[in-house]
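Please look over the sequence and the model shown below before reading on.

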Amino acid sequence: MNARDLAAVQAQLAQARLPFEDLLPTSMPLFLGVRDSDSGLSRDVTQPGPLIAFAGLESHGVEGLLRSLWVRPDHRGRGLARTLLHAHESQARQLGLNRLVLLTESAADFFQALGYRETDRTALSAQLRASTQFQQLCPASAHCLSKTL
C-alpha cells in the first residue's frame with residue numbers, strides 16, 4: 001500500500017474504534033491490503049476498488065508489531081484476516097524479524113488459534129515497548145500476544 005491509502009485506512013480504523021492516530025504516510029509501505037475490484041476480489045492493491053481488508057506491520061529492531069488488522073464486515077469469514085496474517089509473517093521473516101507481537105482487546109482467540117501466545121510485556125524489547133501503540137494507544141488491559149518466526 002502507499003501514502004494515498006492513508007486516509008482510507010485511518011477512516012476505517014476510526015470507524016472500527018482501532019488506533020490510527022500515529023499512522024503516517026511513511027507507515028503505508030508495510031501495510032498489506034485486499035481490494036474489491038470490478039473483476040472480483042484482488043489481492044493486488046494497485047488495482048482499483050475499495051479496500052476490504054488490510055493490516056500493518058512495524059519493525060522495532062528484531063521484533064515486529066502487527067497492527068491494524070481490519071476486514072470489512074460484509075467480507076468477514078472468508079479467510080482474509082488469516083491470509084493477511086500469513087503474508088505479514090512471511091514479510092517479517094524477509095525483513096529479518098524473529099518475532100511478531102500484537103495487542104488486542106477483542107481478537108485474542110483468533111490469533112491464539114494461529115499460534116500466537118500470551119506474552120508478558122516485560123519480555124519484549126525496550127524498543128518495542130517504547131512504541132506509540134504500547135505507550136499511548138492501547139490500554140494495559142489489551143492482550144499482548146506474540147509468535148516466534
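The protein chain, seen here as a predicted model, exposes about 7,700 Å², and carbon and sulfur atoms supply 50% of that area. Of its 149 residues, 44% count as buried.

**Overall form and charge**

- For a chain of 149 residues, a compact globule would have a radius of gyration near 15 Å, and the protein chain agrees with this because its own value is 15 Å.
- The C-alpha trace spans about 45 × 30 × 30 Å along its principal axes.
- Among contacts between residues at least 6 apart in sequence, 62% join residues that are at least 24 apart.
- The side chains include 15 positive and 14 negative ones, and the centres of these two sets lie 3 Å apart.

**Secondary structure and strand pairing**

- The protein chain comprises five helices and seven strands, which follow one another along the sequence in the pattern α-β-β-β-β-α-β-α-β-α-α-β.
- Strand 7 (residues 143-148) runs antiparallel to strand 5 (residues 99-104), to which it is joined by six bridges, and within this pairing Thr-104 has His-143 as its bridge partner.
- Strand 7 is also joined, again in antiparallel fashion, to strand 6 (residues 117-118) by two bridges, with Glu-118 standing opposite Leu-145.

**Residues with a positive phi**

- Most residues other than glycine have a negative phi.
- Ser-68 counts as buried because its relative accessible area is 10%, where the class requires a value under 20%.

**Surroundings of Leu-32**

- Leu-32 belongs to strand 1 and is partly exposed, with a relative accessible area of 24%.
- Although Leu-32 and Met-1 are 31 residues apart in sequence, their C-alpha atoms are 6.0 Å apart in space.
- Which residues is Leu-32 in contact with, leaving aside its neighbours within four places in sequence? They are Met-1, Ala-53, Phe-54, Ala-55, Leu-84, Ala-87, His-88 and Gln-91.

Technical notes:
Residues numbered from 1 in each chain as written. Predicted model: local features only at pLDDT ≥ 70, side-chain atom pairs only at ≥ 80, totals over all residues. Heavy atoms only, no water. Buried < 20%, exposed > 50% of the residue type's maximum accessible area, 1.4 Å probe, protein only. Helix = DSSP H or I, 4+ residues; strand = E, 2+ residues; numbered from the N terminus. Contact = heavy atoms within 4.5 Å. Pairing = 2+ DSSP bridges. Rg over C-alpha atoms; globule rule 2.2 N^0.38 Å. Areas by Shrake-Rupley, 256 points an atom, 1.4 Å probe, with all protein chains shown as cover. Lys, Arg positive; Asp, Glu negative; His and termini not counted. Charge placed at Lys NZ, Arg CZ, Asp CG, Glu CD.
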